[in-house]
Amino acid sequence: MLLDQIVEFVGSHWYLFVALFVILGLLTHNIIVGGKGSVEPLAATEMINHQDAVVIDVRPAADFAKGHIINAINVPMNGFKNQIATLTKHKPKPIIINCRSGAQSSMACSQLRKEGFEQVFNLHGGIMAWEAASLPLTRKKR
């Protein structure tokens, strides 16, 4: 009897169960692949100091001017794809991409990987995580 009620409920609300399985699939994918290619702020400082990593900030110029990681290069996301060629000189080095929260920089990382950059890392949590870790920002132009 209980099994019949469950089957009837699922049959009546099939679209909810499809949505549930899609969400579960996406969450599983995010858990498996989500952290790949990202770096925490403290690990990023290690890469900057010991591996000569290049930091690319994809925030708008006005946000960049308010404070950025020391020696970061500002390549705003709105023209990022057109400026990838200017970054080819940094191809052999590790590249850390950052934005405000880490969402836009993950798209920039994907674009660089498609262009053949191998050592590309997304700053997990972006500048917000950098500041939360009490790491320094500068307003000086490079």
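Reader: How far is the sulfur of Cys99 from the closest cysteine sulfur, and which residue holds that sulfur?

Author: This is a predicted model, in which local features need pLDDT of at least 70 and side-chain atom pairs count only at pLDDT 80 or more, whereas totals for chains, interfaces and linings use all residues. Residues are numbered from 1 along each chain as its sequence is written, and side-chain values use heavy atoms, with hydrogens and water left out. A disulfide is taken as a pair of cysteine sulfur atoms within 2.5 Å, and the structure holds zero disulfides. For Cys99 the closest cysteine sulfur is too far for a bond, lying at 9.1 Å in Cys109.

Reader: Is Cys109 buried or exposed?

Author: Buried stands for under 20% relative accessible area and exposed for over 50%, with partly exposed in between (1.4 Å probe, protein chains only). Cys99 counts as buried at 2%. With a relative accessible area of 1%, Cys109 is likewise buried.

Reader: In what order do the five strands form the sheet?

Author: Helices (H or I, at least four residues) and strands (E, at least two) are DSSP runs numbered from the N terminus, and two strands pair if DSSP finds at least two bridges between them. The edge strands, each pairing on one side only, are β1 (38–39) and β3 (73–74). Two bridges join β1 to β5 (residues 120–123), and two join β2 to β3, while four join β2 to β4. The sheet is open, its pairing is parallel, and its order is β1-β5-β4-β2-β3.

Reader: At about what angle does helix α5 run to β5?

Author: Axes are lines fitted to C-alpha atoms, for helices over the stretch in contact (heavy atoms within 4.5 Å), and angles run from 0 to 180 degrees between N-to-C directions. Helix α5 (residues 103–114) lies across β4 (95–98) and β5, and its angle to β5 is about 175 degrees.

Reader: Within what arc do the buried residues of α3 fall?

Author: In α3 (residues 41–50), Pro41, Ala44, Thr45 and Met47 are buried, whereas Leu42, Asn49 and His50 on the other side are exposed. The buried set packs against β1, β4, β5 and α6 (126–132). The arc is that of the directions from the helix axis to the C-beta atoms. Seen down the axis, the buried residues line one face of α3, because they fall within an arc of 160 degrees.

Reader: Which residue in β3 is the bridge partner of Ile56?

Author: Both faces of β2 are covered, with Val54 and Ile56 buried on one side and Val55 and Asp57 buried on the other. Toward β4, Val55 stands opposite Ile96. Toward β3, the bridge partner of Ile56 is Ile73.

Reader: Leaving aside neighbours within four places in sequence, which residues are in contact with His90?

Author: His90 sits in the loop between β3 and β4, and at 11% relative accessible area this residue is buried. Once neighbours within four places in sequence are set aside, the contacts of His90 are Val54, Ile73 and Ile95.
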